[in-house]
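Q: I've got a fold open on my screen and I'd like to learn how to read it. Can you walk me through a few features?

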Amino acid sequence: MPTIAIVGAGPQLGLAIARTYGTHGYDVALIARNRAKLEDLAGELAAEGITAAAFPADVLDRTALTQALKDAAAHFGGVDVLEYSPVGGLQTVMTTPAATEPADVQHEMEFQLYGAIAATRAVLPAMRKAGGGTLLFTTGAGSVDPVPQIANVNAAAAALRNWVINLHKELDGTGVQAAHVAINVSIGTPAVPGFPTAQPEEISPAYWDLHTTKRHQAELVFSL
């Protein structure tokens, strides 16, 4: 069975992506910090007939993240798709461009860009050897069109976007696809009154499309 590893798996978009791939016959490796929450998600998927397993790791701990992905590959016989979408939560204080100091960006760089690089290095060699695979990385649409209120977060997201699009170029012709997904909606509930909102199940098919029929694309911006 092919396998998708979801880094930053949670009860909204991560679970929806797991269901989308699971209904197409994929096993699911769930990676995030909290083992109990991951096991709850794995149990929920199992009740729906989807094989899933928990591999706890913090993306800020590169060694643990790498090991979790290696454990997932050993458990399922490989990782065919990597989806990277951890959420920093309340650990970052949002800053405007003029008020931003280097330290304001550093945590987000560690979380978004450096974690993504570590995760990729854990799975890409096997994908190259197999001549196939998919690497998907998620940010908010501020990575494409930044907004002043969250300048430090947008700066790190833009760095990740740049790296992914460049990776897509490097992997051209190898059979391995790398793509960036920028989500230009609130997920589940509106973050700001009046801002467009989509349910996770409306967004997750885009990840399947990039893996199957849109492998030439380096980027997909999800909007309503």
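Predicted model: local features only at pLDDT ≥ 70, side-chain atom pairs only at ≥ 80, totals over all residues.

Q: What is the largest nonpolar core, and which residues have the most contacts inside it?

A: In soluble globular proteins, nonpolar side chains tend to be buried together. Here the largest nonpolar core has 36 residues, and Leu-69 and Leu-135 have the most contacts inside it. Elements that each supply at least two residues include strand E1 (3–7), helix H3 (62–76) and helix H5 (151–170). H4 gives the most, with 11 residues. There's also a second, separate core of 33 residues, which includes Leu-15, Leu-30, Leu-38 and Leu-41.

Q: Where is the kink in H4 centred?

A: On Met-109, with a kink of about 45°. Just after H4, Gly-131 takes a positive phi of about 75°.

Q: Which residues are linked in a network of salt bridges?

A: Side chains of opposite charge can pair when their charged atoms come close. In this model, Arg-19, Glu-44 and Glu-48 form such a network. Glu-44 and Arg-19 meet at 2.8 Å, N to O. Glu-44 lies in helix H2 (residues 35–47) and Arg-19 in helix H1 (residues 13–22), so this pair ties together parts 25 residues apart in sequence. Arg-19 also meets Glu-48, again at 2.8 Å, N to O.

Q: Is Arg-19 buried or partly exposed?

A: Partly exposed, at 23% relative accessibility.

Methods. Residues numbered from 1 in each chain as written. Heavy atoms only, no water. Bend = angle between axes of the 7 residues up to and from the residue. Helix = DSSP H or I, 4+ residues; strand = E, 2+ residues; numbered from the N terminus. Core = buried A, V, L, I, M, F, W, Y, C linked by side-chain atoms within 4.5 Å. Buried < 20%, exposed > 50% of the residue type's maximum accessible area, 1.4 Å probe, protein only. Salt bridge = Lys/Arg side-chain N within 4 Å of Asp/Glu carboxyl O.
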